[in-house]
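Here are a few friendly notes to read beside the model. Please keep the structure open as you go through the points.

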There are 2 protein chains.
Amino acid sequence: MPATDTVRIPLPDDRAYDIRIGSGLLDEPASWQGLPKAAAAVIVSNETVAPLYAERLRERLRSVYARVDIVVLPDGEAHKDWASLNRIFDHLLGQALDRKTVLFALGGGVIGDMTGFAAAVYMRGVPFVQVPTTLLAQVDSSVGGKTAINHPLGKNMLGAFYQPERVIADLDTLDSLPDRELRAGLAEVIKYGPIADAGFLCWIEDNLDALLARDKAVLGYAVRRSCEIKAEVVGQDEKEQGLRAILNFGHTIGHAIESGMGYGKWLHGEAVACGMVLAADLSRRSGLVPDGFVERLRALVERAGLPTAPPKLGIERYLTLMRVDKKAEAGAIRFVLIEGLGRAGLHAVPDARIAETLAAHGAA
Amino acid sequence: MPATDTVRIPLPDDRAYDIRIGSGLLDEPASWQGLPKAAAAVIVSNETVAPLYAERLRERLRSVYARVDIVVLPDGEAHKDWASLNRIFDHLLGQALDRKTVLFALGGGVIGDMTGFAAAVYMRGVPFVQVPTTLLAQVDSSVGGKTAINHPLGKNMLGAFYQPERVIADLDTLDSLPDRELRAGLAEVIKYGPIADAGFLCWIEDNLDALLARDKAVLGYAVRRSCEIKAEVVGQDEKEQGLRAILNFGHTIGHAIESGMGYGKWLHGEAVACGMVLAADLSRRSGLVPDGFVERLRALVERAGLPTAPPKLGIERYLTLMRVDKKAEAGAIRFVLIEGLGRAGLHAVPDARIAETLAAHGAA
């Protein structure tokens, strides 16, 4: 069993925090010590994850908090909305829980984003802890303080930058992850290679089979290295004034796919995987990377069992969906493009080139 | 006509901002210069205020922003909810307005709180400007960065600390204010005396008739002095870790009245006025102030035409409503009590003493 790794997110004003990565962390008393004191804790989870881990977490938290409640939300991206968020508030206010109450996000990216946003706005801010149980949440969404819900007109459009107190990534919880979700999580792992670390891209290519076979040591390294890269980026640019945008490689088209297909049809990681292939091709068409890079990334995405061809939503619909992307400015759609292996940046791309790329990949 | 006064809110990390107070500021080009650049601005107002000032503000902003939209919400505290907030988001996303878009809150406290909260969460934060048109908003709610909406189970329960770029308090907009709202605003002016400045309390007593007669110079001083006191408190404790709570003198019972009666029945200032009289009596019953102080404050509140007796909601109902107050902790209701003229602090008060005070004032 691998030892516990700790990655620290360096942030000013007392907001720095640790990501702990390892096996058996859920049952490790140290995971829950040293958190903010409070009369009550509330575990927020979903219908799929709660039956697996919520009672175990509650037992552990009972040694720290006099009262531990559990709020169970419906599962899936389609429920990442105001109605679900309000179920958390209804519980907190219905039970008159005060503004020291600590929230625990037990689940994947949807639960983490919603619980974090609930913590950001309940009484203008209560502490929260991320307990990610999916690969995607462990390598990406639980780290860095982006919280949000979806709006019918756009993904993650309403939210806050709000940092957790701690992230506890228990690798054992990945045992219960459906294969499709494991693969979706790998999309975000793959992402870190092209944008920040050419060597890590090679390592993923070499270890993809072990990752798919859920080798715990290999998964542990993938989670740690992903978190290290994210920590470095977020530490430099917490509120996405510039650099942090590179973490959105593949996300402009990815979000359009998720929103255009209806939230939940494609998993977030699947949409991002396909978005990365198209953004790589946009980088090539912008003269930033050689032909070979697009094919290399496409091949890796395919080997991971992830989609490489976009759904046929029509070019105009894609452009409309992408114009509400948070990175868009004054009507121009902006993409994270690869500027060379391990280096990325934000680029305004003319509509004609976007349309041509979408068409070449069969999106029309 | 009085000259423009400027009060600065001192905050770290580039978040300091100015409150400009004076006559004619709405039409003063300098009011709108030096704000964040953007392709679009959106004025958020309500059905009452928009017909009076929205087009004038739009004309002024057109020299700065290529596009200026107006979103009109229903008027009143009863509409300070998610549904109204979402109308702002529907407009912003429906028009694909980007994350540089600047929001302008044109109206009273409800519009300011909702627009500020919308700005805090739209795409995780866009800039906003407060243009308060009520006395209450000019002396209190537009200043200090508290934003929120109500939840059926409690007032201002969902929100964020999010600072505006600037506050433009045009005293001329008070000309259109109904008398009842002017009086409600005076409640928050009166508040600053007991909690922070005994001399200001005397000044208010001496100038109350001129304030009620809307003497512009006297109103201007009341707004400026109120903002100075608030600036000093907020500068020391932006996120209400301690000191800032004193600004909530009268608000624990006040919020219970508003929530218990149904939002909008009592104006916020009316509820706070009554809450201050009861909190003064709680201070006396706690041995902190002499008998004379309660009578002095009651007399001033009464002269201002504000209510001094609480509605008969029943003691138990009051206690239940106050237990969800944001200042409550581990089940204990906490009040801002006066500790001597011009000095206040947060105190946990036993339920029995609260009940006895409520009963003495006819709340049963």
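1. B:Y221 has a relative accessibility of 28%, so this residue counts as partly exposed (buried means under 20% relative accessible area, exposed over 50%, partly exposed in between, with a 1.4 Å probe and protein chains only). B:Y221 forms a tilted aromatic pair with B:W203, at 4.7 Å centre to centre and 55° between the planes. Rings of Phe, Tyr and Trp (its six-membered ring) pair if their centres lie within 6.5 Å; planes under 30 degrees apart count as stacked, over 60 as edge-to-face and the rest as tilted. B:W203 belongs to helix α6 (residues 198-212) of chain B and B:Y221 to helix α7 (residues 216-236) of chain B, so the pair ties together parts 18 residues apart in sequence.

2. A word on the basis: this is a predicted model, in which local features need pLDDT of at least 70 and side-chain atom pairs count only at pLDDT 80 or more, while totals for chains, interfaces and linings use all residues. Residues are numbered from 1 along each chain as its sequence is written, chains are lettered from A and ligands numbered from 1 in the order in which they are written, and side-chain values use heavy atoms, leaving out hydrogens and water.

3. Over all chains, the structure holds 16 aromatic pairs. In one of them, A:W32 and A:F104 have ring centres 6.0 Å apart and planes at 70°, so the pair is edge-to-face. A:W32 is in the loop between β2 (17-22) and β3 (40-46) of chain A, whereas A:F104 is in strand β5 (residues 102-107) of chain A, 72 residues away. Strands (E, at least two residues) and helices (H or I, at least four) are DSSP runs, numbered from the N terminus. A:W32 and A:F104 are both buried.

4. Do look at the aromatic cluster too: A:W82, A:F89, B:W82, B:F89 and B:Y122 form one.

5. Two charges deserve a mention. The charged end of A:R124 sits over the ring of B:F161, 5.9 Å from its centre, and that of A:K191 sits over the ring of A:Y192, at 4.9 Å. The criterion is NZ of Lys or CZ of Arg within 6 Å of the ring centre and within 35 degrees of the ring normal.

6. Finally, B:G242 is found in the loop between α7 and α8 (251-261) of chain B. With 35% relative accessibility, B:G242 counts as partly exposed. B:G345 is 103 residues from B:G242 in sequence, yet their C-alpha atoms are 8.8 Å apart.
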